[in-house]
Amino acid sequence: MTANAAAENALGTIGTICWTVQLVPQVWKSWRTKSTEGLSEWLVLIWGFSGVTMGVYVVIQDLNIPLILQPYLFGSLSYLSWAQCQHYGRKRSRLVSVGMYIGVMLLSAGFEVGMIFAVKPAYDRGNTRAVQFFGIFSSVLIALALLPQYWEIYKHREVIGISVLFMFVDMLGGVFSDLSLAFKADFDVIAGITYSLVVVMDAVVLVCALVLNPRANRRRKHVEESAGSEDTALDVPGSNTPVCQGSSLELKGIERRQTQEVGSNHQVEQGAHMLDNGNRPP
């Protein structure tokens, strides 16, 4: 495809916007529900670090500005979501969670700056192996990070905790970033693989949500209906008839026995009275 700097930057900018806001629905959902159940903390933590390694790659490769901004925004929001997992999921205090967020951001920034200064001289001399390693490693991390999330989906038999809107916008970011590379003079294969992996693996989560969530809703509805039917059956008058009939029979039997006992006592009293009259002197 013919190189087109304007199209490259425009598509890259759209991709950056998507990857700027893609985690906002997730962060908002976790904050609103005060829960991160179903969201793998390893997903967002590994994604945060993948932004660091990808940052080393795009800075040294000197890609367009939007694509350079992407890993930083992506990593920062991923770490923020990870901090929410610490607060809502692991029940750490807000102060501790904020401290962990700041700490992991500082460590990541120090690591990235150190790697850039360590790798850049070799890259300027024509040795691209180290840079290629960071690009490939970022792709591997992005792919592996979704495996813990797939486990959460398998465990719950549905997609919960993770925002479907987040996954969709994240996938769009990968699509537009891929398209921006298509208009670059030299197509960056590693960056393309990274963005394509995001698209494919996000799509898997979306398909799981479309297939598993309706099934889970039907299961819950069926359980609720079954429980409601049992409660209704207990409340139906006819269902208690055997118990009532049994109780009535028992009561009638008791009444008959009491009547018989009263009659027997009356006969005994009459006999005793006759004896008394017979033994009375004339």
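## The cavity

The largest cavity comes in at a volume of about 120 Å³. A cavity here is a set of points, on a 1 Å grid over the protein atoms alone, where a 1.4 Å probe fits but cannot get out, and lining residues have an atom within 4 Å of a point. Points are joined across faces, edges and corners, and the volume is the space filled by probe spheres set on them. The structure has one cavity of 30 Å³ or more.

Which residues lie nearest the centre of the largest cavity? They are Trp19, Met54, Phe74, Ile142 and Tyr195, out of 14 lining residues. Helix 3, helix 4, helix 6 and helix 8 (189-235) each give two or more residues to this lining. By class, the lining has nine nonpolar, five polar and no charged residues; Ala, Val, Leu, Ile, Met, Phe, Trp, Tyr, Cys and Pro count as nonpolar, Asp, Glu, Lys and Arg as charged, and the others, Gly among them, as polar.

## Ground rules and fold

This is a predicted model, where local features need pLDDT of at least 70 and side-chain atom pairs count only at pLDDT 80 or more, while totals for chains, interfaces and linings use all residues. Residues are numbered from 1 along each chain as its sequence is written, and side-chain values use heavy atoms, with hydrogens and water left out.

The protein chain has nine helices and zero strands, taken as DSSP runs numbered from the N terminus (helices: H or I, at least four residues; strands: E, at least two). Of its 282 residues, 37% count as buried, with buried meaning under 20% relative accessible area, exposed over 50% and partly exposed in between (1.4 Å probe, protein chains only). Take the contacts (heavy atoms within 4.5 Å) with a separation of 6 or more: 83% of them join residues 24 or more positions apart.

## Aromatic pairs

Rings of Phe, Tyr and Trp (its six-membered ring) pair if their centres lie within 6.5 Å; planes under 30 degrees apart are stacked, over 60 edge-to-face, and the rest tilted. That gives seven aromatic pairs. In one of them, Trp47 and Phe74 have ring centres 5.3 Å apart and planes at 45 degrees, so the pair is tilted. Trp47 sits in helix 3 (residues 41-61) and Phe74 in helix 4 (residues 65-89), so the pair ties together parts 27 residues apart in sequence. Trp47 is buried at 1% relative accessible area, and Phe74 is buried too, at 8%. Together with Phe166, these two form one aromatic cluster.

Phe133 and Phe137 make a stacked pair, 5.5 Å centre to centre with 10 degrees between the planes. Both lie in helix 6 (residues 129-156), four residues apart, about one turn of the helix. Phe133 is partly exposed at 48%, as is Phe137 at 29%.

## Charges over rings and the pocket

A charge sits over a ring if NZ of Lys or CZ of Arg is within 6 Å of the ring centre and within 35 degrees of the ring normal. Lys34 lies over the face of Trp31, 4.3 Å from the ring centre, and the charged end of Arg157 sits over the ring of Tyr154, 4.4 Å from its centre.

Trp31 and Lys34 are also among the residues lining the largest pocket, whose volume is about 190 Å³. A pocket is an open set of points with protein on both sides within 12 Å along at least five of seven lines. Helix 4 and helix 5 (94-124) each give two or more residues to its lining, and helix 4 gives the most, with five. By class, the pocket lining has six nonpolar, three polar and two charged residues.
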